[in-house]
Amino acid sequence: MKTEILKLLKESDESISGQELCQRFHVSRTAVWKVIRQLQEEGYQIEAVRNKGYHLLESCDIMTKTEIESCIRGQFGRVVDFHESIDSTNLRARRLAEEGAGSGTLVAADTQEAGRGRRGRSWISPPGKNIFMSLILRPDILPAKASMLTLVAALAVRDGIESVTGLSPVIKWPNDIVSSGKKLCGILTEMSAELEGIHYVVVGIGINVNLEEFPQEVRDTATSLFLETGGKVVRSQLIAAVLEAFEHYYEEFISQGDLSRLISVYNKNMVNAGKEVRILEPTGEYKGRALGINEKGELLVEMPDGEVRHVISGEVSVRGIYGYV
């Protein structure tokens, strides 16, 4: 009921009477009043006017289970496991998945203390600033195809950011979201599987949202939505937008079993496409021109002699000739 009342308040431009809420949810005026008080204590500015009812004055950047659920528009994120602070949303999602949590379950936190990126890198995690979320999926695909979900997630984050902020970031293959040549978001996909099937996949997403500054050591390579747009972003709205886009792209991916339907939209938004890049592998590095991705999500790199190599994400890093992008 609390989530539904909050959703109604958000959707209404006028006051909603207490009597209307009582009748809709078949509860007493006291029960409605208690919910309104709880929402006010969480930080919502709700005006109560005699003979008119309740009115939400403005949207605030509040992160709670109720707030996130009130923004969800699709099937992903219908079940939310929220924490003010957590070690890692990916670790929590994996524990829930082992216990049987369904596909589309979302783990989110206001801050995390042991966030991880690719190759074990840590993730800056001050409270009240960023998005830390992990989505549980149970796709009926072969384990070898699970890595493609990272590219699906990249598309979803890019679209979600654009729909909420108007900013049009780009993707640095395979899964970094970039604006002004700097990183906005990291994505980490993990799975539990056997040879012939997947038990579950966890897609972890960390987005720099309202950070106003970065430590000196990452200032040249990291940015936030606040720094890029000059305005604060309501994180719950962005989470919902990302999940809505993710659901759309996920269905396209599952229907084909690969990225064949998403190649054009991915390449259109890939910052590396058509550019000279350095491929950094454990055994060494080489240079070539990035052509885009194929249906497997591999990066196609044209060598100086015309040979086209297929680069698989994992322990490989891609850099621009003169810097990060």
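Here is a short tour, stop by stop.

This is a predicted model: local features need pLDDT of at least 70, side-chain atom pairs count only at pLDDT 80 or more, and totals for chains, interfaces and linings use all residues. Residues are numbered from 1 along each chain as its sequence is written, and side-chain values use heavy atoms, with hydrogens and water left out.

**Stop one: Leu-21**

Select residues 18-25, helix H2, and pick out Leu-21. (Helices are DSSP runs of H or I with at least four residues, strands are E runs of at least two, and both are numbered from the N terminus.) Leu-21 has 1% relative accessibility, so it counts as buried; that label means under 20% relative accessible area, against over 50% for exposed and in between for partly exposed, with a 1.4 Å probe and protein chains only. What does Leu-21 touch, leaving aside its neighbours within four places in sequence? Show Ile-5, Leu-8, Ile-16, Val-32 and Tyr-54: these are its contacts, meaning heavy atoms within 4.5 Å. Val-32 is 11 residues away in sequence, with a C-alpha to C-alpha distance of 7.0 Å.

**Stop two: the cores**

Now colour the nonpolar cores, sets of buried Ala, Val, Leu, Ile, Met, Phe, Trp, Tyr and Cys residues joined through side-chain atoms within 4.5 Å. The largest has 64 residues, and Ile-207 and Phe-246 touch the most other members. This core lies between domain 2 (65-268) and domain 3 (272-320), because both give residues to it; the domain bounds come from an automatic or database assignment. Another core, apart from that one, has 18 residues, including Ile-5, Leu-8, Leu-9 and Cys-60.

**Stop three: Ser-88**

Jump to the loop between strand S3 (80-86) and helix H5 (89-98), where you'll find Ser-88. Ser-88 is buried, at 3% relative accessible area. A polar atom of its side chain sits 3.2 Å from the backbone nitrogen of Asn-90.

**Stop four: strand S7**

Finish with residues 176-179, strand S7: Asp-176 and Val-178 point one way, Ile-177 and Ser-179 the other, and all are buried. S7 runs antiparallel to strand S6 (residues 170-172), with three bridges, and also to strand S8 (residues 182-194), again with three bridges.

Conventions. A polar contact is a pair of N or O atoms within 3.5 Å; within protein, one must be able to donate a hydrogen and the other to accept it, and residues adjacent in sequence count only if both atoms are side-chain atoms. Two strands pair if DSSP finds at least two bridges between them.
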